[in-house]
Amino acid sequence: MTNSIDSIIMEYMKKEDWPEVRDIYIEGIKTGNATFDTEPPTWDEWNSKYLQTCRLVVREHGRVVGWAALLPISSKKAHAGVAELSIYLGAKSRGKGLGRRLMEFLVAESEAAGFWTLQSGVFPENVGSIYLHEKAGFYEVGIRKRIGKLDGVWRDVILLERRSKVIG
């Protein structure tokens with residue numbers, strides 16, 4: 001499925017998009033407020049970690065400027081409709097509504113694929129991401145206190161969740 005308006009195209013991610021997706025991920029790492037990762041994964045590591053479905057990119061003037069993908073939360077059949085969301089937007093593309101549109105596309109695609117719950121862990125300092133999630137219907141489940149260390153500093157993570165109104 002492709003969703004486009006003017007110079008903005010939202011579509012499924014292809015392997016050829018990996019270098020640009022990786023660059024955006026590196027931007028997130030450098031902020032210190034997007035992930036616990038300190039080094040980007042290789043394509044093989046990323047590809048084996050994320051689900052094959054709902055891998056999406058947003059292109060602006062032909063370049064990938066954002067991406068979203070789902071991670072499994074469990075191998076149990078009972079949790080087959082629950083996934084963890086990753087969504088990243090390049091710094092130069094923020095504030096244009098692209099994150100909102102990418103999130104809407106991901107939610108629609110995830111529901112079409114049978115997911116009834118999406119969850120996301122966000123650092124409290126990442127207020128833009130929290131706002132984006134809340135606008136998409138996510139709500140705070142709780143705060144995971146000192147859940148991990150980043151550069152030697154314990155960090156909290158806000159657990160956000162969105163329950164589908166059409167699946168489950």
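Figure 1. Phe-105 is buried, its relative accessible area being 4%, whereas Tyr-12 is partly exposed at 35%. Here buried means under 20% relative accessible area, exposed means over 50%, and partly exposed is in between (1.4 Å probe, protein chains only). Please keep in mind that this is a predicted model, in which local features need pLDDT of at least 70 and side-chain atom pairs count only at pLDDT 80 or more, while totals for chains, interfaces and linings use all residues. Residues are numbered from 1 along each chain as its sequence is written, and side-chain values use heavy atoms, with hydrogens and water left out. A search of the whole structure gives eleven aromatic pairs. One of them joins Tyr-12 and Phe-105 as a tilted pair, with 6.4 Å from centre to centre and 40° between the planes. Rings of Phe, Tyr and Trp (its six-membered ring) pair if their centres lie within 6.5 Å; planes under 30 degrees apart are stacked, over 60 edge-to-face, and the rest tilted. This pair links distant parts of the chain, as Tyr-12 belongs to strand β2 (residues 8-12) and Phe-105 to helix α3 (residues 98-112), 93 residues apart. Helices (H or I, at least four residues) and strands (E, at least two) are DSSP runs, numbered from the N terminus.

Figure 2. Which residues do ring pairs link into a cluster? They are Trp-18, Tyr-25, Trp-43, Trp-46, Tyr-50, Trp-67 and Tyr-88. Elsewhere in this legend, look for Arg-155, whose charged end sits over the ring of Phe-123, 4.0 Å from the ring centre. The rule for such a charge is that NZ of Lys or CZ of Arg lies within 6 Å of the ring centre and within 35 degrees of the ring normal.

Figure 3. Asp-17 is found in the loop between β2 and α1 (18-31). Is this residue buried or exposed? Asp-17 is buried, with a relative accessible area of 4%. Setting aside neighbours within four places in sequence, Asp-17 is in contact (heavy atoms within 4.5 Å) with Tyr-12, Val-57, Arg-59 and Val-64.

**Figure 4. Val-157 in strand β8 and Glu-140 in strand β7.** Val-157 is found in strand β8 (residues 153-163), and Glu-140 lies in strand β7. Val-157 counts as buried at 11% relative accessibility, while Glu-140 is partly exposed at 46%. Not counting residues up to four places away in sequence, Val-157 touches Phe-36, Gly-121, Val-122, Phe-123, Pro-124, Gly-142, Ile-143, Arg-144 and Ile-147. With that exclusion again, Glu-140 touches Ile-158, Leu-159 and Leu-160. For a sense of scale, the C-alpha atoms of Val-157 and Thr-53, 104 residues apart along the chain, are separated by 26 Å. The C-alpha atoms of Glu-140 and Ser-110, 30 residues apart along the chain, are separated by 20 Å.

**Figure 5. The largest pocket, about 1,000 Å³ in volume.** Of the 41 residues in its lining, Ala-34, Ile-87, Tyr-88, Asn-126 and Ser-129 are the closest to the centre. On a 1 Å grid over the protein atoms alone, a pocket is an open set of points with protein on both sides within 12 Å along at least five of seven lines, a cavity is a set where a 1.4 Å probe fits but cannot get out, and lining residues have an atom within 4 Å of a point. Grid points are joined across faces, edges and corners, and a volume is the space filled by probe spheres set on the points. Strand β5 provides the largest share of this lining, six residues. By class, the lining has 18 nonpolar, 15 polar and eight charged residues. Ala, Val, Leu, Ile, Met, Phe, Trp, Tyr, Cys and Pro count as nonpolar, Asp, Glu, Lys and Arg as charged, and the others, Gly among them, as polar.

**Figure 6. The second largest pocket, about 190 Å³ in volume.** Its lining includes Glu-20, Asp-23, Glu-27, Arg-63, Lys-92 and Lys-96. Helix α1 gives the most to this lining, with four residues. The lining residues divide into three nonpolar, two polar and seven charged.

**Figure 7. The largest cavity, about 30 Å³ of space.** Lining this cavity are Ser-110, Glu-111, Phe-115, Trp-116, Thr-117, Leu-118, Arg-162 and Ser-164. The elements that give two or more residues to the lining are α3 and β6 (117-122).
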